[in-house]
Amino acid sequence: PSHNDTQILKQLCIDLSRGCSIFELTKILGGRWVLVFLIDGEYTILNDACAFRQIFFSGISDSFSISSQAKYLAELNGYKINKEREKCINDYMKIDKEFSWVLDMTAYEEINRLLPNHYLQPSISTPKRYWPSAKREKGEYSKTVSKLANILVGMADSISQRGPCAVTLTAGLDTRLIFTGFKNVMGKIKPVTLKYKDMLIDDDD
């Protein structure tokens, strides 16, 4: 948790030079990130496991390009919005805004989004899935909870060392759980909450 970005990248390069798998090395990393590595003459591009830091891509080989937003690739290459695709995405957003992405589709026929747990190589047109890489194993409940708790606390520690940060706290179980992960570094963070205008200050929520 105490390593900064530079230290993490240096260690990744050292381990890669020893023949370690990039996918095994990055599975312990939290946060939002995109990595571009040149391995054995081939570029390999991947992002964090949840694809919070998005990658949009277009073309293959010499014409291959990536961007954080589809519209930038469209402007660069002169792509036009496909009306049918745009309607499909907009219709889907009306159903569920929180999960509005329709697989890897974008409003541009020539542009796709990299799905979570996939990686790109410019020489091939189809992203490859790298996780899960083994059969799922059942773990003992208490041991699994302990492992997850250690991950949460470690990520909280890492975040607190990277500069000023704030943590949201609502009545939901998920934010309260995350908030407890910051218990050891509470002096370094600012808790943030909100109150709806129709609620009183002492309402349960």
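Asparagine 82 caps the N-terminal end of helix 4, with one of its side-chain oxygens 3.0 Å from the backbone nitrogen of glutamate 84. This is a predicted model.

**Helix 4**
- Helix 4 spans residues 83-95, 13 residues in total.
- From first C-alpha to last, helix 4 reaches 19 Å, close to the 18 Å expected at 1.5 Å a residue.

**Nonpolar cores**
- The largest nonpolar core has 10 residues: Leu12, Leu16, Ile22, Leu25, Trp33, Leu35, Phe37, Leu46, Tyr119 and Tyr130.
- Helix 1 (5-17), helix 2 (22-26) and strand 1 (34-39) are the elements that give two or more residues to this core.
- A second, separate core has 7 residues, among them Ala156, Val167, Phe179 and Ile189.
- In soluble globular proteins, nonpolar side chains tend to be buried together.
- Tyrosine 119 belongs to the largest core. Leaving aside neighbours within four places in sequence, tyrosine 119 is in contact with Phe23, Thr44, Ile45, Leu46, Leu114, Pro127, Lys128 and Tyr130.

**Arginine 176**
- Arginine 176 is found in helix 6, which covers residues 173-181.
- Its relative accessible area is 43%, so arginine 176 counts as partly exposed.
- A polar atom of the arginine 176 side chain lies 3.3 Å from the backbone oxygen of glycine 172.
- Beyond its neighbours within four places in sequence, arginine 176 is in contact with Leu169, Thr170 and Ala171.
- Isoleucine 45 is 131 residues from arginine 176 along the chain, and their C-alpha atoms are separated by 34 Å.

Note on methods
Residues numbered from 1 in each chain as written. Predicted model: local features only at pLDDT ≥ 70, side-chain atom pairs only at ≥ 80, totals over all residues. Heavy atoms only, no water. Helix = DSSP H or I, 4+ residues; strand = E, 2+ residues; numbered from the N terminus. Expected span 1.5 Å × (residues − 1). Polar contact = N/O pair within 3.5 Å; in protein donor to acceptor, adjacent residues only side chain to side chain. Buried < 20%, exposed > 50% of the residue type's maximum accessible area, 1.4 Å probe, protein only. Contact = heavy atoms within 4.5 Å. Core = buried A, V, L, I, M, F, W, Y, C linked by side-chain atoms within 4.5 Å.
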